[in-house]
Amino acid sequence: MTQRLRQNPSLPIPIRIDMTDFSPIPTKEILWRVNQGSWSSVALVSIGGNRYEGLIPGQPVGSQIDYYLRAVDAGGNVGLDPAGAPGASYGIPIYPVYF
């Protein structure tokens, strides 16, 4: 999935997800990278109910952000979105903003 955003590229990029499990989920994170670099992580925090949000830092125009979601429940079960991550990931190209 490629997202097109209309915002100032220096602002953080919010990623929101619905997440449920039969047991607690102590690890919830977004793994992201810029221009095929090293993966970094940012925690997903609850924004109410089963909704979680993480903020990827803003990046310069011309950058390509790749990201995927990772959750580990209390039983040690790992969930990845998209399936096949990190070989598969979502993408966000950072384009110039024109007003």
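Is Trp-39 buried, partly exposed or exposed? Trp-39 has a relative accessible area of 27%, so it is partly exposed. Please keep in mind that this is a predicted model.

Now the aromatic pairs; the count is two. One of them joins Trp-39 and Tyr-68 edge-to-face, with 5.0 Å centre to centre and 75° between the planes. Trp-39 sits in the loop between strand S2 and strand S3, and Tyr-68 in strand S6, so this pair ties together parts 29 residues apart in sequence. Tyr-68 is buried, at a relative accessible area of 7%.

Next, Tyr-67 and Tyr-90. Their ring centres are 5.4 Å apart and their planes stand at 45°, so the pair is tilted. Tyr-67 belongs to strand S6 and Tyr-90 to strand S8, so parts 23 residues apart in sequence are tied together. Tyr-67 and Tyr-90 are both buried.

On to charges. The whole structure has four salt bridges, and I will cover some of them. Glu-53 pairs with Arg-16, with the closest N and O atoms 2.7 Å apart. That links strand S5 to strand S1 across 37 residues. Glu-53 is buried, at 16% relative accessibility.

Asp-18 and Arg-51 form another, at 3.1 Å between the closest N and O atoms. Asp-18 is in strand S1 and Arg-51 in strand S5, so the bridge ties parts 33 residues apart. Asp-18 is exposed at 52%, while Arg-51 is partly exposed at 33%.

Lastly, Arg-70 bridges to Glu-29, 2.8 Å between the closest N and O atoms, linking strand S6 with strand S2, 41 residues apart. Arg-70 is partly exposed at 27%; Glu-29 is buried at 15%.

Definitions and conventions
Residues are numbered from 1 along each chain as its sequence is written. This is a predicted model: local features need pLDDT of at least 70, side-chain atom pairs count only at pLDDT 80 or more; totals for chains, interfaces and linings use all residues. Side-chain values use heavy atoms; hydrogens and water are left out. Rings of Phe, Tyr and Trp (its six-membered ring) pair if their centres lie within 6.5 Å; planes under 30 degrees apart count as stacked, over 60 as edge-to-face and the rest as tilted. Helices (H or I, at least four residues) and strands (E, at least two) are DSSP runs, numbered from the N terminus. Buried means under 20% relative accessible area, exposed over 50%, partly exposed in between (1.4 Å probe, protein chains only). A salt bridge is a side-chain nitrogen of Lys or Arg within 4 Å of a carboxyl oxygen of Asp or Glu.
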